[in-house]
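Trainee: I would like to take a close look at a single part of this model, and then to see how other parts are described in the same terms.

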Amino acid sequence: MHSRHLTLGSLALMAVLGTGTGLLAPVATAAAPGVPSPSGDPRGCGQPEVPAQWASVEHPAVTRTVDAVTRTEWRWQRAVGTLEREYARETVAAVLLVHWSRTVEGVEHEHAWTVIDRPARAGSPEEGHHETRVVAPAVVEEQAEYVQQQTGRTRWERAGWNAGENGNGWSPTGRTRSVETTPAVTEDVWVVDRAAVPAEPEASHEETGWFATGTTPPAGAAPTGRTRAVPSATEESDLPVGEQPEGEGWVEGATAEISAAEEERVWLPDGTAPDPGFVATGATRTGTPRVESTAATSALPPAGGGWTVLPGSAVDVVAAAAGEVVVEPAWVEDFVLVPGQPATPPCADPGAPTTPTESAVPTGLPVVVLPAGVAVPDGAVAPATALAPGAHPAPASAVTPGSALPASGA
C-alpha cells in the first residue's frame, strides 16, 4: 500500500466540530468577544493550540482473473541402429590321420573255408482237393397242376395231359414245376493245387587262400597249418594324430584331413557376452534397430535426431495455473480531518475575568462536508455543517465515517 496526504490547501476548510464530538477541544473566547488579538488572529486572544486531526481511507487492490494456460506434450520415440558381432566355437574337431609305413619280410598263412553254392532245401508233399464232375446230366420233366372239377382234388402231370381244358373233368390250374425224372451221373476227381517238391541237399565247395601275418581271413576260414615266405613288402597304417602303430620300423608319413571340423556360429548384439567356448571371428553386421522412447512427456523432442511422436501419448499440461493478477495494488489515502491551530497570544487585559465559551471553529471558517469513508479518530461522529461566529446554528446532523467522500486531490 501507499499513502496520500491531503493538506489544507487541497481541501476546502473542514466543518467546525462541536465540543460534544470529541474531535476539537473547547475553545475559550476572549473576555471581550470580537476583540482581535494583538497579533491580528481573527480567533481572538487567549485561544489554546488546536492539534491537527488526521484520517485515512483504505483503497483495496484492483485485480483481474487470468485463465489457466495449457500446452500439449507427447512422449517421443526413435529407432536406434545396433551392431552385431559374430562368434564361433568348435563343436566337432577335425579328424586328422597320419600315414605310417614300414618294410617287412612277409610270411603268409594258408586258410581254408567252405563256400556254399546252393543251400539245402527240404521237400514238400503234393497239395490238392476233390471235385465232383457230372458224367451224364439229370433228366428233368416239366409238369403242370390239374384240379378235378367235381371233387376239387389236384394232381401233377406232364404238360398236355388229359387233352386240355375240362378233359375228363380235369383242368390245369396254371401252376407248373420241374421234376427230375432221372438223376445225373457224377464221379469224384482229385485236383492238384501244388505239385510235390523233392528235397535237395546242400551244394558247396572248399576254397583256400594265403594271408599275410596280421591280416584277417574271411569269416569261417580256418588255418591249414601251411605257411610260405614272400618277398619284402611295405606295410602301411593310418592312425589319428598322437597314436603310433605297434611294432618296429614304422616311418611317419604325411598327415591327411579325413573330415573337417564343425563349428557353431552365432550373432550377438554388440556388448553381449557369448557363452563359454565362443570366440569372436571379427565379422560384424547391422542388427535389428532398437526402439527407445521417453518416459516423461515434453512439448519438444529430446536432444538428438530421429525422434517422432509416440502415437496416443498426447497429454494436456497446465503451464500456468488460473488465478488473479493485481492490476493496481491496494493503497491508503491519508488526509487532514481538522487542521491544527496554534495558540493565540494572551489577551491585553489579564486582570479582566474571562468566561470560556465553546466555539466549534475559528471565526471565518467556511462550512464543509466530510468525505465518504473517513475514519474519524476514537469513533467520534462529525457534524454535517458548521457556522461562522455570529450565525444561528442549525440542528446538528451526525455523519458516520463511511458516509463521507474523499476530497479532490486524493
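Trainee: Which residues form a disulfide, and how far apart are their sulfur atoms?

Mentor: This is a predicted model, in which local features need pLDDT of at least 70 and side-chain atom pairs count only at pLDDT 80 or more, while totals for chains, interfaces and linings use all residues. Residues are numbered from 1 along each chain as its sequence is written, and side-chain values use heavy atoms, with hydrogens and water left out.

The disulfide (a pair of cysteine sulfur atoms within 2.5 Å) is formed by Cys45 and Cys347, whose sulfur atoms are 1.9 Å apart, and the count by this rule comes to one. The link of Cys45 and Cys347 is right-handed, with 95° about the S-S bond. Cys45 lies in the loop between strand S1 (3–6) and strand S2 (53–59), and Cys347 in the loop between strand S22 (331–338) and strand S23 (382–383), so the pair ties together parts that are 302 residues apart in sequence. Strands here are DSSP runs (E, at least two residues), numbered from the N terminus. As for accessibility (buried means under 20% relative accessible area, exposed over 50%, partly exposed in between, with a 1.4 Å probe and protein chains only), Cys45 is buried at 4%, whereas Cys347 is partly exposed at 23%.

Elsewhere, three strands form an open sheet in the order S16-S6-S17, with antiparallel pairing, where two strands pair if DSSP finds at least two bridges between them. The edge strands are S16 (262–269) and S17 (279–286), each of which pairs on one side only. Strand S6 (residues 83–92) and S16 pair in the antiparallel sense over eight bridges, and Val92 stands opposite Glu262 in S16.

Finally, Ala212 is found in strand S13 (residues 203–212) and is partly exposed, with a relative accessible area of 35%. Leaving aside neighbours within four places in sequence, Ala212 is in contact (heavy atoms within 4.5 Å) with Val107 and Glu108.

Note on methods: Helices (H or I, at least four residues) and strands (E, at least two) are DSSP runs, numbered from the N terminus.
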